[in-house]
Amino acid sequence: MSNGSVKLDNGAVLQNSAVTGTRLGGAVYVAGGGSLMMSNNALITGCSSQKDGGGVYLASGATMGMHDYAKIEHCSAQRNGGAVYVTNAAEMTLGSEVNDRGMAITDNSVSEGDGAGIYLNGALSRLYMMGETQFDANLGRTLSEATNGGGSYPRARQDIYLDLNTASA
């Protein structure tokens with residue numbers, strides 16, 4: 001999608017979608033100033049890409065927001081960004097100043113690349129995190145082989161902004 005907007009709300013589910021070949025974004029591809037908003041238990045699950053962005057691919061000034069128990073889980077990419085791939089001045093926001101409850105990026109994977117949860121690439125790409133955000137069991141390659149950034153992987157010159165009240169191990 002380019003220059004449009006999609007809102008997944010009130011338990012909406014995108015599941016078991018796959019793209020092959022050179023296509024990007026297993027469930028959703030957003031570019032050219034488009035936007036994707038996930039809220040109120042929205043879920044992207046079981047999606048895959050043979051390239052980048054197993055769940056979502058954000059490019060060229062696209063924006064994405066997740067809040068109020070939105071979740072991306074069980075997605076995979078052959079290369080980078082098992083859950084989400086963010087590139088070319090795109091921005092992703094987890095939480096909001098008003099509603100920052102329970103976002104989750106869990107159980108996603110990459111088989112050859114980095115950033116099993118979120119992969120940031122390209123000048124001016126940004127990730128904003130506020131409130132309760134969970135990164136859990138995002139794995140790269142095989143269990144015995146290390147990957148860079150299981151939760152998130154920012155390449156050089158990308159910005160991650162954190163606004164967290166508490167942290168726990």
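Met-66 touches residues from several stretches of the chain. Beyond its neighbours within four places in sequence, Met-66 is in contact with Met-37, Met-38, Lys-71, Ile-72, Met-92, Thr-93, Leu-94, Gly-95, Met-103, Ala-104 and Ile-105. This is a predicted model.

**Nonpolar cores**

Met-66 belongs to the largest nonpolar core, which has 28 residues. Within that core, Met-38, Leu-58, Met-66, Ile-72 and Met-92 touch the most other members. Another core lies apart from it and has 6 residues, including Leu-24, Ala-31, Tyr-57 and Tyr-119. In soluble globular proteins, nonpolar side chains tend to be buried together.

**The sheet**

An open sheet is built from 5 strands, in the order β2-β6-β10-β14-β18. The pairing is parallel. Strands β2 (13-15) and β18 (133-136) form the edges, and each pairs on one side only. From one strand to the next, the twist averages 10°. Strand β14, residues 103-106, pairs with β18 over 4 bridges in the parallel sense. Ile-105 stands opposite Phe-135 of β18. Ile-105 is also one of the contacts of Met-66.

**Salt bridges**

The model holds 3 salt bridges. Side chains of opposite charge can pair when their charged atoms come close.

| Asp-9 | Lys-7 | 3.8 Å |

Asp-52 is buried, at 2% relative accessible area. Arg-79 is partly exposed, at 37%.

Glu-73 is buried, with a relative accessible area of 14%, while Lys-71 is partly exposed at 29%. Lys-71 is among the contacts of Met-66 too.

Asp-9 is partly exposed, at 21% relative accessibility.

**A buried serine**

Where does the side chain of Ser-125 find polar atoms of the backbone? A polar atom of that side chain lies 2.6 Å from the backbone oxygen of Asn-121. The backbone nitrogen of Asn-88 lies 3.3 Å from a polar atom of the Ser-125 side chain. Ser-125 itself is in the loop between β16 (118-121) and β17 (126-130). Ser-125 counts as buried because its relative accessible area is 0%, and buried means under 20%.

Methods:
Residues numbered from 1 in each chain as written. Predicted model: local features only at pLDDT ≥ 70, side-chain atom pairs only at ≥ 80, totals over all residues. Heavy atoms only, no water. Helix = DSSP H or I, 4+ residues; strand = E, 2+ residues; numbered from the N terminus. Buried < 20%, exposed > 50% of the residue type's maximum accessible area, 1.4 Å probe, protein only. Polar contact = N/O pair within 3.5 Å; in protein donor to acceptor, adjacent residues only side chain to side chain. Pairing = 2+ DSSP bridges. Axes fitted to C-alpha atoms, helices over the stretch in contact; angles between N-to-C directions. Core = buried A, V, L, I, M, F, W, Y, C linked by side-chain atoms within 4.5 Å. Contact = heavy atoms within 4.5 Å. Salt bridge = Lys/Arg side-chain N within 4 Å of Asp/Glu carboxyl O.
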